[in-house]
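Subject: Structure for you to look at

Hello,

Here is the structure I promised to pass on. Please open it and keep it beside this email as you read.

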Amino acid sequence: MNVFKILIRNIFLGIAVTIVAVSCKEEDLITYEGDRNLYFNMALVATGMSEQTDSTTLPFAYAKGIIDSVYMLEVAATGAPSSVDRPFKVSVLSSSTAIEGKHYDPLPEYFIMPAKAVSTHIPIVFHKTEDMANSIFLLNLQLEPYGGFKTNMKQGWTRYNHIVSYTMHTIAVTDVITEPKYWMPDYLGAFSRKKILMLCEYVDVSLSDFVDQNITSASLQKAYGQRFDIYLQKEAAAGRTVYEEDGETPMVMGSSLYSAT
(Lines give C-alpha, C1' and ligand atoms only; values in the text may rest on other atoms or scores of the structure.)
Protein backbone atom coordinates (compact mmCIF):
# COMPACT_ATOMS: atom_id res chain seq x y z
CA MET A 1 0.00 0.00 0.00
CA ASN A 2 1.36 3.41 -0.91
CA VAL A 3 1.36 6.19 1.63
CA PHE A 4 0.31 9.60 0.39
CA LYS A 5 2.16 12.08 2.53
CA ILE A 6 0.36 15.23 3.58
CA LEU A 7 2.76 18.08 4.19
CA ILE A 8 1.52 19.63 7.44
CA ARG A 9 3.58 17.74 10.08
CA ASN A 10 4.55 19.19 13.48
CA ILE A 11 4.52 17.69 16.98
CA PHE A 12 3.01 19.94 19.63
CA LEU A 13 3.59 19.25 23.33
CA GLY A 14 0.29 19.77 25.10
CA ILE A 15 2.09 20.31 28.39
CA ALA A 16 3.30 23.63 26.97
CA VAL A 17 -0.07 24.72 25.65
CA THR A 18 0.11 28.16 27.26
CA ILE A 19 3.00 29.26 25.05
CA VAL A 20 1.81 28.31 21.56
CA ALA A 21 1.67 31.08 18.99
CA VAL A 22 -2.05 31.14 18.41
CA SER A 23 -4.55 33.94 18.70
CA CYS A 24 -6.17 32.59 21.86
CA LYS A 25 -6.07 34.52 25.08
CA GLU A 26 -3.61 33.10 27.61
CA GLU A 27 -6.25 32.91 30.33
CA ASP A 28 -8.46 30.76 28.05
CA LEU A 29 -5.70 28.17 27.60
CA ILE A 30 -4.81 28.08 31.29
CA THR A 31 -8.35 26.83 31.95
CA TYR A 32 -7.40 23.51 30.30
CA GLU A 33 -3.88 23.23 31.65
CA GLY A 34 -4.71 20.71 34.37
CA ASP A 35 -7.25 18.70 32.38
CA ARG A 36 -6.58 15.96 29.87
CA ASN A 37 -8.28 17.42 26.82
CA LEU A 38 -7.94 16.03 23.32
CA TYR A 39 -7.60 18.20 20.24
CA PHE A 40 -6.55 17.91 16.62
CA ASN A 41 -3.07 19.39 16.48
CA MET A 42 -3.48 21.08 13.08
CA ALA A 43 -6.22 23.27 14.57
CA LEU A 44 -3.95 24.74 17.24
CA VAL A 45 -0.49 24.82 15.69
CA ALA A 46 0.42 26.55 12.43
CA THR A 47 3.31 25.44 10.23
CA GLY A 48 5.36 28.04 8.39
CA MET A 49 3.00 30.41 6.61
CA SER A 50 0.09 27.97 6.83
CA GLU A 51 -2.90 28.83 8.95
CA GLN A 52 -4.23 26.58 11.68
CA THR A 53 -6.95 24.44 10.15
CA ASP A 54 -9.72 21.98 10.92
CA SER A 55 -9.89 20.54 7.40
CA THR A 56 -7.62 18.77 4.94
CA THR A 57 -7.90 17.93 1.25
CA LEU A 58 -6.54 14.63 -0.02
CA PRO A 59 -6.21 14.99 -3.83
CA PHE A 60 -5.58 11.62 -5.46
CA ALA A 61 -5.28 13.30 -8.86
CA TYR A 62 -1.95 14.86 -7.95
CA ALA A 63 -0.39 11.64 -6.69
CA LYS A 64 0.51 9.64 -9.78
CA GLY A 65 -0.14 5.92 -9.43
CA ILE A 66 -1.58 6.18 -5.92
CA ILE A 67 -4.69 4.06 -5.36
CA ASP A 68 -4.65 3.62 -1.59
CA SER A 69 -3.60 6.39 0.78
CA VAL A 70 -2.88 6.39 4.49
CA TYR A 71 -3.48 9.82 5.96
CA MET A 72 -1.82 10.38 9.32
CA LEU A 73 -3.86 12.79 11.45
CA GLU A 74 -2.23 14.11 14.59
CA VAL A 75 -4.14 14.09 17.87
CA ALA A 76 -2.68 15.76 20.96
CA ALA A 77 -3.64 16.09 24.62
CA THR A 78 -3.20 18.70 27.29
CA GLY A 79 -2.01 17.77 30.76
CA ALA A 80 0.94 15.65 31.79
CA PRO A 81 1.87 12.46 29.91
CA SER A 82 1.00 9.13 31.46
CA SER A 83 3.25 6.20 32.28
CA VAL A 84 0.80 3.85 30.53
CA ASP A 85 -0.95 3.70 27.16
CA ARG A 86 -4.24 5.59 27.12
CA PRO A 87 -7.17 4.82 24.80
CA PHE A 88 -9.07 7.60 23.07
CA LYS A 89 -11.94 7.65 20.62
CA VAL A 90 -12.55 9.28 17.25
CA SER A 91 -16.00 8.90 15.71
CA VAL A 92 -17.33 9.50 12.20
CA LEU A 93 -20.15 12.03 12.05
CA SER A 94 -23.35 11.22 10.16
CA SER A 95 -22.82 14.36 8.06
CA SER A 96 -19.95 12.58 6.25
CA THR A 97 -20.48 11.84 2.56
CA ALA A 98 -17.52 9.45 2.28
CA ILE A 99 -18.72 5.85 2.46
CA GLU A 100 -17.19 3.45 4.94
CA GLY A 101 -15.75 0.37 3.26
CA LYS A 102 -15.68 2.11 -0.11
CA HIS A 103 -13.87 5.42 0.23
CA TYR A 104 -12.18 4.67 3.56
CA ASP A 105 -11.57 1.76 5.92
CA PRO A 106 -13.61 1.54 9.13
CA LEU A 107 -11.99 3.20 12.12
CA PRO A 108 -11.10 1.04 15.13
CA GLU A 109 -13.19 1.27 18.29
CA TYR A 110 -10.44 3.34 19.86
CA PHE A 111 -6.90 4.57 19.26
CA ILE A 112 -3.96 4.66 21.66
CA MET A 113 -2.06 7.59 23.11
CA PRO A 114 1.29 5.90 23.87
CA ALA A 115 2.82 5.97 27.32
CA LYS A 116 4.95 9.07 27.99
CA ALA A 117 3.43 10.82 24.97
CA VAL A 118 1.07 13.77 24.61
CA SER A 119 0.54 13.41 20.87
CA THR A 120 0.18 10.64 18.31
CA HIS A 121 -0.81 10.17 14.69
CA ILE A 122 -3.84 8.09 13.80
CA PRO A 123 -3.86 6.32 10.41
CA ILE A 124 -6.91 6.69 8.18
CA VAL A 125 -6.91 4.56 5.04
CA PHE A 126 -8.56 6.01 1.93
CA HIS A 127 -9.22 4.35 -1.43
CA LYS A 128 -9.34 6.02 -4.83
CA THR A 129 -12.65 5.22 -6.56
CA GLU A 130 -14.13 6.07 -9.95
CA ASP A 131 -16.80 8.35 -8.49
CA MET A 132 -14.08 10.62 -7.08
CA ALA A 133 -13.26 11.83 -10.61
CA ASN A 134 -16.28 14.14 -10.50
CA SER A 135 -17.07 14.45 -6.80
CA ILE A 136 -15.58 15.42 -3.46
CA PHE A 137 -16.34 13.16 -0.49
CA LEU A 138 -16.11 14.37 3.10
CA LEU A 139 -15.08 12.40 6.16
CA ASN A 140 -16.10 14.40 9.22
CA LEU A 141 -14.32 13.26 12.38
CA GLN A 142 -15.14 14.03 16.01
CA LEU A 143 -13.00 13.51 19.12
CA GLU A 144 -15.08 11.97 21.90
CA PRO A 145 -14.71 12.03 25.70
CA TYR A 146 -13.28 8.59 26.43
CA GLY A 147 -10.76 6.76 28.59
CA GLY A 148 -10.14 9.65 30.95
CA PHE A 149 -9.84 12.23 28.18
CA LYS A 150 -12.13 15.23 27.87
CA THR A 151 -13.01 17.37 24.84
CA ASN A 152 -13.69 20.70 26.51
CA MET A 153 -11.46 22.64 24.10
CA LYS A 154 -14.13 23.13 21.46
CA GLN A 155 -12.88 25.94 19.25
CA GLY A 156 -10.61 28.94 18.98
CA TRP A 157 -9.22 31.53 16.60
CA THR A 158 -6.48 31.19 14.03
CA ARG A 159 -3.74 33.75 13.70
CA TYR A 160 -5.75 35.23 10.82
CA ASN A 161 -8.85 35.55 13.00
CA HIS A 162 -10.83 32.62 11.60
CA ILE A 163 -12.81 30.31 13.88
CA VAL A 164 -11.39 26.79 13.99
CA SER A 165 -12.66 23.65 15.70
CA TYR A 166 -10.26 21.79 17.98
CA THR A 167 -12.34 18.61 18.24
CA MET A 168 -13.74 18.19 14.71
CA HIS A 169 -11.73 17.67 11.55
CA THR A 170 -12.92 17.24 7.97
CA ILE A 171 -10.95 15.33 5.35
CA ALA A 172 -12.05 15.98 1.76
CA VAL A 173 -11.00 13.19 -0.57
CA THR A 174 -11.28 13.54 -4.33
CA ASP A 175 -9.82 12.73 -7.72
CA VAL A 176 -11.18 15.94 -9.25
CA ILE A 177 -8.56 17.84 -11.24
CA THR A 178 -8.88 21.59 -11.03
CA GLU A 179 -6.77 24.13 -12.90
CA PRO A 180 -3.33 24.17 -11.24
CA LYS A 181 -1.99 27.39 -9.77
CA TYR A 182 0.79 27.70 -12.34
CA TRP A 183 -1.06 26.59 -15.47
CA MET A 184 -0.17 29.12 -18.20
CA PRO A 185 -3.01 29.44 -20.77
CA ASP A 186 -0.89 31.65 -23.05
CA TYR A 187 1.23 28.59 -23.76
CA LEU A 188 -1.05 25.67 -22.90
CA GLY A 189 -4.44 27.04 -23.87
CA ALA A 190 -7.68 26.64 -21.94
CA PHE A 191 -7.45 24.15 -19.11
CA SER A 192 -9.32 20.86 -19.13
CA ARG A 193 -8.95 17.58 -17.29
CA LYS A 194 -8.46 15.69 -20.53
CA LYS A 195 -5.78 18.08 -21.79
CA ILE A 196 -3.63 18.07 -18.67
CA LEU A 197 -3.79 14.27 -18.39
CA MET A 198 -2.81 13.83 -22.05
CA LEU A 199 -0.10 16.48 -21.78
CA CYS A 200 1.43 14.90 -18.67
CA GLU A 201 1.38 11.48 -20.29
CA TYR A 202 2.93 12.72 -23.54
CA VAL A 203 5.78 14.78 -22.04
CA ASP A 204 6.17 12.43 -19.04
CA VAL A 205 5.60 14.84 -16.17
CA SER A 206 3.42 14.66 -13.07
CA LEU A 207 0.28 16.65 -12.36
CA SER A 208 1.90 17.82 -9.15
CA ASP A 209 4.61 19.56 -11.20
CA PHE A 210 2.06 22.20 -12.16
CA VAL A 211 1.56 23.34 -8.57
CA ASP A 212 5.23 24.20 -8.10
CA GLN A 213 6.63 27.06 -10.18
CA ASN A 214 10.18 25.93 -9.38
CA ILE A 215 9.52 22.60 -11.12
CA THR A 216 7.41 23.70 -14.08
CA SER A 217 8.69 27.14 -15.08
CA ALA A 218 7.28 29.29 -17.88
CA SER A 219 10.04 28.16 -20.24
CA LEU A 220 9.32 24.50 -19.49
CA GLN A 221 5.60 24.97 -20.01
CA LYS A 222 6.31 26.60 -23.36
CA ALA A 223 8.52 23.68 -24.38
CA TYR A 224 5.92 21.14 -23.20
CA GLY A 225 3.22 23.02 -25.10
CA GLN A 226 5.22 23.04 -28.32
CA ARG A 227 5.93 19.31 -28.12
CA PHE A 228 2.30 18.52 -27.45
CA ASP A 229 1.13 20.93 -30.16
CA ILE A 230 3.23 19.05 -32.73
CA TYR A 231 1.51 15.84 -31.62
CA LEU A 232 -1.95 17.42 -31.94
CA GLN A 233 -1.15 18.70 -35.43
CA LYS A 234 0.12 15.29 -36.57
CA GLU A 235 -3.00 13.61 -35.25
CA ALA A 236 -5.22 16.13 -37.05
CA ALA A 237 -3.29 15.67 -40.30
CA ALA A 238 -3.80 11.92 -40.03
CA GLY A 239 -7.56 12.37 -39.63
CA ARG A 240 -7.47 11.66 -35.88
CA THR A 241 -8.25 15.10 -34.49
CA VAL A 242 -8.03 15.17 -30.71
CA TYR A 243 -11.14 16.73 -29.21
CA GLU A 244 -11.83 18.16 -25.79
CA GLU A 245 -14.12 16.38 -23.34
CA ASP A 246 -17.24 17.59 -25.14
CA GLY A 247 -16.21 15.57 -28.21
CA GLU A 248 -16.72 18.59 -30.48
CA THR A 249 -14.05 21.18 -29.67
CA PRO A 250 -10.60 20.45 -31.15
CA MET A 251 -7.88 20.53 -28.52
CA VAL A 252 -5.53 23.48 -29.13
CA MET A 253 -2.63 25.06 -27.30
CA GLY A 254 -2.10 28.71 -26.30
CA SER A 255 -1.93 31.67 -28.66
CA SER A 256 1.57 32.72 -27.47
CA LEU A 257 3.12 29.28 -27.83
CA TYR A 258 5.46 30.30 -30.63
CA SER A 259 6.02 33.92 -29.66
CA ALA A 260 9.57 35.21 -29.14
CA THR A 261 8.95 36.00 -25.45
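This is a predicted model: local features need pLDDT of at least 70, side-chain atom pairs count only at pLDDT 80 or more; totals for chains, interfaces and linings use all residues.

Start with the strands. Three of them, in the order S1-S3-S6, form an open sheet with antiparallel pairing. Which strands stand at the edges? They are S1 and S6. Each has a single partner strand, so one side of each is left without a neighbour in the sheet. From one strand to the next, the twist averages 35 degrees.

Now look at S3, which covers residues 68–77. How many of its 10 residues are buried? The count is 8, so the strand is mostly covered, given that buried means under 20% relative accessible area.

S3 pairs with S1 and with S6. Strand S1 spans residues 38–40 and is joined to S3 by 3 bridges. Strand S6 spans residues 119–127 and is joined to S3 by 9 bridges. Both pairs run antiparallel.

On the S6 side, the bridge partner of Ala76 is Ser119.

Keep one rule in mind as you trace the strands. In a regular strand, side chains alternate between the two faces of the sheet.

**The helix pair**

Next, go to helix H4 (residues 193–203) and helix H5 (residues 218–237). Their axes are 10 Å apart, and the helices pack at an angle of about 100 degrees. Why is that called roughly perpendicular? Angles of 65 to 115 degrees count as such, so H4 is roughly perpendicular to H5.

Which residues make the contact? H4 brings Met198, Leu199, Tyr202 and Val203. H5 brings Tyr224, Arg227, Phe228 and Tyr231. Of these contact residues, 7 are nonpolar, none is polar and 1 is charged.

**Two loop residues**

Finally, check two backbone angles. Lys116 is not a glycine, yet its phi is positive, near 65 degrees. Lys116 lies in the loop between strand S5 (111–113) and S6. Is Lys116 buried or exposed? It counts as exposed, at 73% relative accessibility.

Asp204 is not a glycine either, and its phi is positive at about 60 degrees. You will find Asp204 in the loop between H4 and H5. Asp204 is exposed, with a relative accessible area of 60%.

Best wishes

Conventions: Residues are numbered from 1 along each chain as its sequence is written. Side-chain values use heavy atoms; hydrogens and water are left out. Buried means under 20% relative accessible area, exposed over 50%, partly exposed in between (1.4 Å probe, protein chains only). Helices (H or I, at least four residues) and strands (E, at least two) are DSSP runs, numbered from the N terminus. Two strands pair if DSSP finds at least two bridges between them. Axes are lines fitted to C-alpha atoms, for helices over the stretch in contact, and angles run from 0 to 180 degrees between N-to-C directions. Angles under 35 degrees count as roughly parallel, over 145 as roughly antiparallel, 65 to 115 as roughly perpendicular and the rest as oblique. Contact means heavy atoms within 4.5 Å. Ala, Val, Leu, Ile, Met, Phe, Trp, Tyr, Cys and Pro count as nonpolar, Asp, Glu, Lys and Arg as charged, and the others, Gly among them, as polar.
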